[in-house]
Amino acid sequence: MIEFRNVTFAYSSTDANGRAIEQGSINGLDLTIQNGEFIVLTGGSGCGKTTVTRLINGLIPHYYSGTLNGEVMIDGKSVPDTPIFETAKKVGSVFQNPRSQFFNVNTTDEIAFAAENQCCEPAEISKAITATAASMHIEKLLDRNIFELSGGEKQIIACAGINVLSPDIIVLDEPSSNLDSEAIEKLKAVLTDWKSQGKTIVIAEHRLYFLRELADRMLILENGRIAKELITEEIKKLTADDTEKMGIRPMMLPEIHCSQKNTDVQGDVLLLEDFRFTYNDGKHGINIPRLELPANHIIAIIGHNGAGKSTLARNICGLERKCKGTLIMNGKKLKAKDRLHSCYMIMQDVNHQLFTESVRDEVMLSMTDKLLTDEQKIKKADEILSQLDLLEYANTHPMALSGGQKQRTAIASGVASSKPVIIFDEPTSGLDLAHMKQVSNQLKKLRDMGKTVIVVTHDNEFILSCCDHIVRIENGCVADN
């Protein structure tokens with residue numbers, strides 16, 4: 001049994017001037033989770049969902065520092081007073097960013113890692129890996145280089161490692177954020193299996209539709225407190241209007257078909273010719289002889305995990321030197337180095353592109369217009385931050401933000417860019433309903449400013465909200481356009 005008794009926690013951080021500050025996340029939380037319960041935590045970005053998972057697995061206070069009051073207990077034992085390696089024997093974790101929990105380059109080695117750390121027998125680990133790969137249908141991901149996997153494939157590998165370890169309690173922080181619908185179904189099957197084994201599962205999520213049949217309780221958090229609690233019967237009855245009023249994602253998945261959104265490609269276009277790129281394994285990459293994308297539109301790039309969506313985006317942006325082919329824009333042929341000056345890319349893992357000491361400075365860093373004064377840059381940055389609900393964090397270090405807040409900071413940088421092509425790789429990863437809509441509105445503004453916006457996404461709700469052209473990529477090729 002997991003117990004929170006009047007728990008309050010505030011993270012220790014610093015502002016842009018290096019002064020110590022505290023940012024509250026959990027405020028007087030009382031919560032009891034029975035053995036075998038399946039608990040869904042949801043609510044707005046920064047509401048405290050991730051903090052709850054960190055309190056359960058011991059990352060707070062053993063890794064994340066701050067001020068903790070109250071008691072967090074597992075089976076009557078204080079988590080803060082227990083060494084984290086002891087807690088890890090009972091609690092398995094799947095993080096929002098799977099890269100943060102990887103220690104190996106080879107996928108099979110990574111799946112085995114947690115069990116090896118618990119001194120499990122090698123023969124048992126090998127047997128468990130084989131069983132896990134079969135049950136999760138990930139045989140093709142074994143013995144691969146982790147750095148060549150898509151974000152969704154990395155998340156599946158993280159889940160597989162926990163499956164091999166088989167702890168009594170499993171906490172997951174937005175495990176579906178980078179998964180396509182097919183991969184989410186695989187994740188759902190794993191969660192269903194874990195639940196049938198009687199494991200206690202605590203999952204923090206914005207995407208809720210795949211949890212509708214699994215959740216015993218859904219807790220909607222707001223400002224570090226439980227604002228609303230729903231049990232199984234109530235969860236299953238929720239309509240789209242109900243979830244809209246609650247400010248959470250719907251419980252049903254809207255379907256997307258390319259024919260729904262595509263318009264004929266007319267007027268100015270971005271023409272991709274002989275776009276080819278292959279990774280070192282000689283198997284994965286892209287092969288696109290010709291593709292026309294409508295300029296000044298919002299274009300969704302969709303497809304299964306590992307299909308080549310992010311690879312295509314990186315090559316359009318000029319980030320892969322070995323890419324063959326050209327991009328023709330405004331009648332000019334742009335090779336890779338030329339495209340770097342015309343495209344701005346917001347990566348799937350935004351931690352790779354947060355460099356400065358404050359959120360405001362991060363946004364100003366992308367402003368390349370030399371005619372702007374410092375005062376004008378500050379004003380422009382603050383306007384963008386205000387539109388994305390980030391102004392109160394203007395002086396906060398970007399790495400002190402929640403995952404969703406980091407995502408919006410990177411998006412704010414893209415909005416501030418003066419480049420004609422803006423590429424977003426999973427821009428709504430980790431975002432709640434309200435902030436998804438904000439990002440949608442920002443992309444529409446970019447389009448109205450004459451920019452071409454390319455979005456790699458699995459988020460059907462987001463596609464329906466703003467995209468007006470869809471390209472499906474499968475096995476590195478254009479499958480539908």
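The views below show a predicted model.

View 1. The model holds 1 cavity of 30 Å³ or more, and the largest cavity has a volume of about 80 Å³. Its lining comprises 13 residues, of which S177, R207, R249, T428 and G430 are the closest to the centre. Sorted by class, this lining consists of 6 charged, 6 polar and 1 nonpolar residues.

View 2. An open sheet is built from 4 strands in the order β12-β11-β14-β15, with antiparallel pairing. Strands β12 (285–294) and β15 form the edges, each pairing on one side only, and the twist from one strand to the next averages 15°. Helix α11 (residues 309–317) packs on this sheet, where the helix touches β11, β12 and β14 and runs in a direction that makes about 115° with that of β11.

**View 3. Pairing of β11 with β14.** Strand β11 (residues 269–278) pairs with strand β14 (residues 324–329) in the antiparallel sense over 5 bridges. Along this pairing, R276 stands opposite K324 of β14, while L270 stands opposite M329 of β14.

**View 4. The hairpin of β14 and β15.** Strand β14 also pairs with β15 (residues 332–334), in the antiparallel sense and over 3 bridges, and L327 has L334 of β15 as its bridge partner. The hairpin has 2 residues between the strands, and N330 takes a positive phi near 55° there.

Note on methods
Residues numbered from 1 in each chain as written. Predicted model: local features only at pLDDT ≥ 70, side-chain atom pairs only at ≥ 80, totals over all residues. Heavy atoms only, no water. Pairing = 2+ DSSP bridges. 1 Å grid on protein atoms, 1.4 Å probe; cavity = no way out; pocket = protein on both sides within 12 Å on 5 of 7 lines; lining within 4 Å. Points joined across faces, edges and corners; volume = space filled by probe spheres on them. Nonpolar A, V, L, I, M, F, W, Y, C, P; charged D, E, K, R; others polar. Axes fitted to C-alpha atoms, helices over the stretch in contact; angles between N-to-C directions. Contact = heavy atoms within 4.5 Å.
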